[in-house]
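Subject: Structure for your review

Dear colleague,

Please find the structure below. I would be grateful if you read the notes that follow with the model open beside them.

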Amino acid sequence: MPKFLLKRWHGYHVITLFVTAFLFISVLTWYQWQIGVVGFLILGAIAIYAVQARIYFERDLEEYILTLSYRVSKAGEDAVTKMPLGILLYNEERKIQWANPYISSVISSDVVGKQVEEISESLQTLLDDDVKIDTIKIGDKFFHVSIEADERLIYFLNVTENEEVKVLFEESQSVVAFIFLDNYDEVTQGMEDQVRSRLMSQVTLTLNNWANDNEIFLRRTASDRFIAVMNVKALKAIEQNRFGILDQIRELTGKEKVPITLSVGVGTGEESLRELGLLAQSSLDLALGRGGDQVAIKRKNGKVTFYGGKSNALEKRTRVRARVISHALRDFVLESDQVFIMGHKNPDMDAIGAAIGVQKIADVNEREGFIVLNPHDINHDVQKLMEEVENHDDLWSKFITPTEALDQITPETLLIVVDTHKPSLVMEEELLNKVERIVVLDHHRRGEDFIEDPVLVYMEPYASSTAELVTELLEYQPKKLKMDRLEATALLAGIIVDTKSFAVRTGARTFDAASFLRSNGADTTLVQKLLKEDLDHYVKRAKLVESAEYYRKGLAIATASEDETYSQIIIAQAADTLLTMRDTVASFVISKRKDGIVSISARSLGEVNVQLIMERMNGGGHLTNAATQLEEVSMEEAKEQLQLAIDDYVEGGKTQ
């Protein structure tokens, strides 16, 4: 307790004693005046002492208050001028009026009189957005900023060391990558041991040099597989180089006339090595599902980044795999009481043809097969086919609406999705949630959005169409197959449409499938009838083509007017037509559809990967055939977005 407080406590007691003594002496004087006189003398002495004590108390109190006030004032002054805390005062025009010495020393020696945005644009943004607290970077330093808008006062706390430690921690996190040599077994089959050994030595040496340059631990786990362990810092450096190792391996093997490419799956963002390994394997599956020759980086939050994908997918399907998938599909069909087949929204000839083919697989295995189709969501391209189907009583009875399908679901129902793997694109997404067993058959490159937990997946981006895949599955069904003329024709029409009459994405297996269908009753004359075009459609397509202009060398962009609408099929056909023009290596057609959505169809001859361009606009597809849809944008805005995506593709090294 301070000394003056003790004296204050004593003063109260002295007064109490003084009053008590005075009363006592007064009574005593009444009886013995001599003793009373002595008592009053003593009491007077006590009174004098009390007065002096009071004077001392007030003096000490004043001295203490003055000392404390000075210390507090001094401490406040030191805090403003000496503590590592920056303070700025600004006026209504956001011009700095005063700054303490600390902030002047770390930001600028002369900040008074400057505008706030001259110190930091981030600070200006915080003031505009009325943000009270945030961390910003000024120069090479990080500051935790606290803004008192009412007082027009800004506090700066230097947290550079904390941020550097955070960055160091993040960059030291582990990353796992699986590296796979595409087509190694196929292209080295039949090679002499000496040639194969020399080729692999060159590939391994190139990979080891790349690993050493980037501080990566690399080990070969099989003839065509490697595992790489690195940290986030190394991964960022490789990403800045856009995984140039893909080009190195492609060019190296290209000189040897052996088209070997790399597929890389990377897992990052997890602390557990096990989880990183699972992410890396999932990324590799995604990269391979998209055709290989690319890198897929999967992060903990589910975000996936792609690099590469420059070359067209090299066919590496085998008939053994087709036979195995066919038998596995048969087993799933036999274990079911009924089979639902569903394509994508606004189905095209490939989706309908493939669905009819899968229905035949169910039929040959003595199971009821139903094709789910919304009669109000049919592509004009398949209208003539559907008219033929309606005249075919037996086949038409196999078509049901999504509502009917939802009502007929049983625990043993099998759902087979054809020509898409994205939940958002299927004919009826609710079916995916109600059916326990789902099979996916598709020829598109795999995207991030994928149907959850399918029991069987047959995705071959090397195939021309899903109709081709289904035709091969039909070939390997154990029971003798008898196809109807319309069933075989529908499958053949799907192949012809997707290959542009065998002009693009056509391999030997495509002709084998067409031959099988022809031998089973496919009618080429009926195909021509189904694919006949109306005159008004031809005129509309020609009008779209007429609007085309070249944006970059060989890249043609056709844009419909704001008040015109076209069907998806006409937009796609216009892109195909543009691609036949001289000196055109890629074509893009932009138009509004009747539903108000702006659609962009993209085509290329293979030199330009239009899939990567469309993916930048949240679309997808193949290297030579892709598309996207944009909502709530004008035609001009859509064109600007497309041009930005093309610029990013071309100037960014043709990677994503």
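This is a predicted model: local features need pLDDT of at least 70, side-chain atom pairs count only at pLDDT 80 or more; totals for chains, interfaces and linings use all residues.

Residues are numbered from 1 along each chain as its sequence is written, and side-chain values use heavy atoms, with hydrogens and water left out. Helices (H or I, at least four residues) and strands (E, at least two) are DSSP runs, numbered from the N terminus.

**Helix pairs**

Two packed helices are described by the angle between their axes and the distance between the axes. Axes are lines fitted to C-alpha atoms, for helices over the stretch in contact, and angles run from 0 to 180 degrees between N-to-C directions. Angles under 35 degrees count as roughly parallel, over 145 as roughly antiparallel, 65 to 115 as roughly perpendicular and the rest as oblique. A crossing is left-handed if the near helix is turned anticlockwise from the far one by less than a right angle, and right-handed if clockwise. Contact means heavy atoms within 4.5 Å. In sorting the residues of a contact, Ala, Val, Leu, Ile, Met, Phe, Trp, Tyr, Cys and Pro count as nonpolar, Asp, Glu, Lys and Arg as charged, and the others, Gly among them, as polar.

Helix α8 (residues 193-213) and helix α10 (residues 245-255) have axes that come within 11 Å and cross at roughly 160°. The two helices are therefore roughly antiparallel, and α8 passes α10 in a right-handed crossing. On the α8 side the contact is made by Leu199, Gln202, Val203, Thr206, Leu207 and Trp210, and on the α10 side by Ile245, Gln248, Ile249, Leu252 and Thr253. Seven of these residues are nonpolar, four are polar and none is charged.

In the pair formed by helix α22 (residues 535-546) and helix α23 (residues 568-579), the axes come within 9 Å and cross at roughly 60°. This angle makes α22 oblique to α23; their crossing is right-handed. From α22, His537, Lys540, Arg541, Leu544 and Val545 meet Ile570, Ile571, Gln573, Ala574, Thr577 and Leu578 of α23. This contact divides into six nonpolar, three polar and two charged residues.

How are α13 and α18 placed relative to each other? Helix α18 (residues 466-475) packs with α13 at an angle of about 15°, and their axes are 8 Å apart. The two are therefore roughly parallel, and α13 passes α18 in a left-handed crossing. Asp350, Ala354, Gly357, Val358, Lys360 and Ile361 of α13 make the contact with Thr466, Ala467, Val470, Leu473 and Leu474 of α18. Here seven residues are nonpolar, two polar and two charged.

**Helix faces**

Buried means under 20% relative accessible area, exposed over 50%, and partly exposed in between (1.4 Å probe, protein chains only). The arc quoted for a helix is that of the directions from the helix axis to the C-beta atoms.

In helix α9 (residues 232-240), Val232, Ala234, Leu235, Ile238 and Glu239 are buried. Seen down the axis of α9, these residues fall within an arc of 155°, so they line one face of the helix. The exposed residues Lys233 and Gln240 are carried on the face turned away from the buried side of α9.

Helix α5 (residues 121-128) has the buried residues Leu123, Gln124, Leu126 and Leu127. They lie within an arc of 160° seen down the axis of α5, so they too line one face. Among the elements that cover them are β1 (85-90), α4 (116-119) and β3 (133-138).

**Single residues**

Most residues other than glycine have a negative phi, and most peptide bonds are trans. Asn346, in the loop between β12 (338-342) and α13 (349-364), has a positive phi, near 50°. Asn346 is partly exposed, with a relative accessible area of 27%. The phi of Glu632 is also positive, near 55°, and Glu632 lies in the loop between β23 (625-630) and α25 (635-651). Is Glu632 buried or exposed? At 79% relative accessibility, Glu632 counts as exposed.

Met459 belongs to strand β17 (residues 456-459) and is buried, at 10% relative accessibility. Leaving aside neighbours within four places in sequence, its contacts include Arg321, His421 and Phe450.

Yours sincerely
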